[in-house]
Amino acid sequence: MTANMTATAANQNTTPAALLGLHVALQSALKAHGAWKQRMVRAVANKNTHIAIDELRMAEVSEFGRFLMDLPLALQSSENLAEVRRLHADLHVAAAEVAFLVKQGKHAEARAAISNGAFPQISGALNQALVRWQVRDLAA
């Protein structure tokens, strides 16, 4: 079940089964985002200069970004969700900045940025915001 289908189902029906589907879709989207972050780390380690920086900045085109955009209307006004969306977008900007360093040949700076710069700081804040959002807005 895709995030869009799950969000549509949850929007029409807030039964425990629909909420469970939303949780499953969230976990799937989070898993995809975790894999994306690992690809980013590998790209820096491998000095990959073929990263599309403009696309990297666009959080809404990632699987997790699409999941966030497709959530039920009942969840759209959540302050917790707004924080998650903001941090997710910030993470994509930080990733693009790291990729730009790689393209410039500033490999040591890119490695530092990916390991202890804005990227891991925002990633940690995003993880914490996700937990708050799940506990406060998605608790069944």
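1. The lining of the largest pocket draws its largest share, four residues, from α2. Here helices (H or I, at least four residues) and strands (E, at least two) are DSSP runs, numbered from the N terminus. Both α2 (16-45) and α3 (53-57) supply at least two residues each to this lining. The structure is a predicted model, in which local features need pLDDT of at least 70 and side-chain atom pairs count only at pLDDT 80 or more, while totals for chains, interfaces and linings use all residues. Residues are numbered from 1 along each chain as its sequence is written, and side-chain values use heavy atoms, with hydrogens and water left out.

2. Which residues line the largest pocket? They are W36, R39, M40, A43, I51, A52, E55, L56, M58, V61, S62 and H92. A pocket is defined on a 1 Å grid over the protein atoms alone: it is an open set of points where a 1.4 Å probe fits, with protein on both sides within 12 Å along at least five of seven lines, and lining residues have an atom within 4 Å of a point. The volume of the largest pocket is about 200 Å³; a volume is the space filled by probe spheres set on the points, and grid points are joined across faces, edges and corners.

3. Sorted by class, the lining of the largest pocket consists of eight nonpolar, two polar and two charged residues. In this scheme Ala, Val, Leu, Ile, Met, Phe, Trp, Tyr, Cys and Pro count as nonpolar, Asp, Glu, Lys and Arg as charged, and the others, Gly among them, as polar.

4. The overall fold may be stated briefly. The protein has eight helices and zero strands, and from the N terminus on its elements run α-α-α-α-α-α-α-α. Of the 140 residues in the protein, 40% are buried. Buried means under 20% relative accessible area, exposed means over 50%, and partly exposed lies in between (1.4 Å probe, protein chains only).

5. The largest nonpolar core has 37 residues, and M40, F67 and W133 have the most contacts inside it. Such a core is a set of buried Ala, Val, Leu, Ile, Met, Phe, Trp, Tyr and Cys residues joined through side-chain atoms within 4.5 Å. Two or more residues of this core come from each of α2, α3, α4 (63-69), α6 (79-103), α7 (107-116) and α8 (118-137). The most is given by α6, with 11 residues.

6. How does the length of α8 compare with expectation, and what is its span? At 1.5 Å a residue, its 20 residues should span 28 Å, and the end C-alpha atoms are 27 Å apart, which agrees. The expected span of a helix is 1.5 Å times one less than its number of residues.

7. The buried residues in α8 are F119, I122, S123, L126, A129, L130, W133 and Q134. They cover an arc of only 135 degrees around the axis, which puts them on the same side of α8; the arc is that of the directions from the helix axis to the C-beta atoms. On the other side of α8, the residues Q121, Q128, V135 and R136 are exposed. An α-helix has 3.6 residues a turn, so residues three or four places apart point the same way.

8. Some residues separated along the chain may be examined in pairs. E83, found in helix α6, counts as partly exposed at 22% relative accessibility; E83 and L126 are 43 residues apart in sequence and 8.2 Å apart in space, C-alpha to C-alpha. K103 also has its place in helix α6, and it is partly exposed, with a relative accessible area of 41%.

9. P72 lies in the loop between α4 and α5 (73-76) and is buried, with a relative accessible area of 4%. K47, in the loop between α2 and α3, has a positive phi of about 55 degrees although it is not a glycine.
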